[in-house]
Amino acid sequence: MRIAIAGAGAVGQSIARELLEGDHEVLLIERSVQNYHPRNIPGAEWMLADACELASLEEAGLESCDVVIAATGDDKVNLVVSLLSKTEFAARRVVARVNDPLNEWLFTEAWGVDVAVSTPRMLAAMVEEAVNVGDLVRLMTLRQGQANLVEVTLPEDTPLAGRRVRELKLPPDAALVTILRGGRVIVPQADDPLEAGDELLFVATADVEQQIRAVIHDQAT
């Protein structure tokens, strides 16, 4: 894929390196001369420009990009980049970084955002996960808030150990998408057994998260 990243600070450069390792084409757009360091990531295309200006995005050929990532440290900039990418260039997927959790409610379809990534929320979720083994932790909001990525780690004494994935009676708007086990990523199949310590990742709407929690705990009693 061809991917444009607005913001070439530490976050933008880290994302660029990861994407280049996946053999994607990466364009870094940076307006600050201080952060403009093409030698740091020679495999990427660099552009010194303001991503909030329509002319700059036209010059960058944003219409040819499959994904646009607004990764600056300024939420206002990220919202403007997201809106322009979606409305003016019909970007298929727009991912936006949320710096201030108080602004998270703005990062929706109305501003052209497909996926909002809040670093503070994710860090808080990681802390909650470490403290609250067995409880449901929301990791990320997807599709303009229509669904969330949530995680639960099965405790050592879970009676779910040995049960099959098909025995999880999940509500209609929830799906088990991944099992993380000992460094492995498992795409769950109906006959796969569950084990203590498994991290179960679900995609679900917010209104069924309590039902997922009930399924896990009802079967564990």
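This is a predicted model: local features need pLDDT of at least 70, side-chain atom pairs count only at pLDDT 80 or more; totals for chains, interfaces and linings use all residues.
Visitor: Why is Gly7 called buried?

Guide: Buried means under 20% relative accessible area. Gly7 has 8%, so Gly7 is buried. Gly7 sits in the loop between E1 and helix H1 (10–21).

Visitor: Which residues does Gly7 touch, beyond those up to four places away in sequence?

Guide: Gly7 touches Gly12, Leu28, Ile29, Glu30 and Thr72. Each of these contacts rests on heavy atoms within 4.5 Å. As for Asn35, 28 residues separate it from Gly7 in sequence, and the C-alpha atoms are 8.5 Å apart in space.

Visitor: What makes Tyr36 and Trp46 an aromatic pair, and of which kind?

Guide: Ring centres must lie within 6.5 Å to pair. For Tyr36 and Trp46 the distance is 5.6 Å, therefore they form a pair. Planes over 60 degrees apart count as edge-to-face. The angle here is 90°, so the pair is edge-to-face. A search of the whole structure finds one aromatic pair.

Visitor: What does the pair tie together?

Guide: Tyr36 is in the loop between E2 and strand E3 (45–48), and Trp46 is in strand E3, so the pair ties together parts that are 10 residues apart in sequence.

Visitor: Why is Val185 called exposed?

Guide: Exposed means over 50%. Val185 is at 62% relative accessibility, so Val185 counts as exposed. Val185 lies in strand E10 (residues 184–186). Leaving aside neighbours within four places in sequence, Val185 is in contact with Thr178, Ile179 and Leu180.

Visitor: Why does Ser85 count as buried?

Guide: Ser85 is at 0% relative accessibility, which is under 20%, so Ser85 counts as buried. Ser85 is found in helix H3. Beyond its neighbours within four places in sequence, Ser85 is in contact with Leu62, Val68, Ala90, Ala91 and Val94.

Visitor: Which residues of the largest nonpolar core touch the most other members?

Guide: They are Leu27, Ile29, Ala51, Leu57, Leu62, Val81 and Phe107, out of 25 residues. Strand E1 (2–6), strand E2 (25–30), strand E4 (67–70), helix H3 (75–89) and strand E5 (93–98) each give two or more residues to this core. H3 supplies the largest share, five residues. Apart from this core lies another, of 20 residues, among them Ala8, Val67, Ile69 and Val115.

Visitor: What is Val81 in contact with?

Guide: Neighbours within four places in sequence aside, Val81 is in contact with Ala6, Ala51, Cys52, Val68 and Ala70.

Visitor: How many helices and strands does the protein chain have?

Guide: The chain has five helices and 11 strands. Of its 221 residues, 45% count as buried.

Notes:
Residues are numbered from 1 along each chain as its sequence is written. Side-chain values use heavy atoms; hydrogens and water are left out. A nonpolar core is a set of buried Ala, Val, Leu, Ile, Met, Phe, Trp, Tyr and Cys residues joined through side-chain atoms within 4.5 Å. Buried means under 20% relative accessible area, exposed over 50%, partly exposed in between (1.4 Å probe, protein chains only). Helices (H or I, at least four residues) and strands (E, at least two) are DSSP runs, numbered from the N terminus. Rings of Phe, Tyr and Trp (its six-membered ring) pair if their centres lie within 6.5 Å; planes under 30 degrees apart count as stacked, over 60 as edge-to-face and the rest as tilted.
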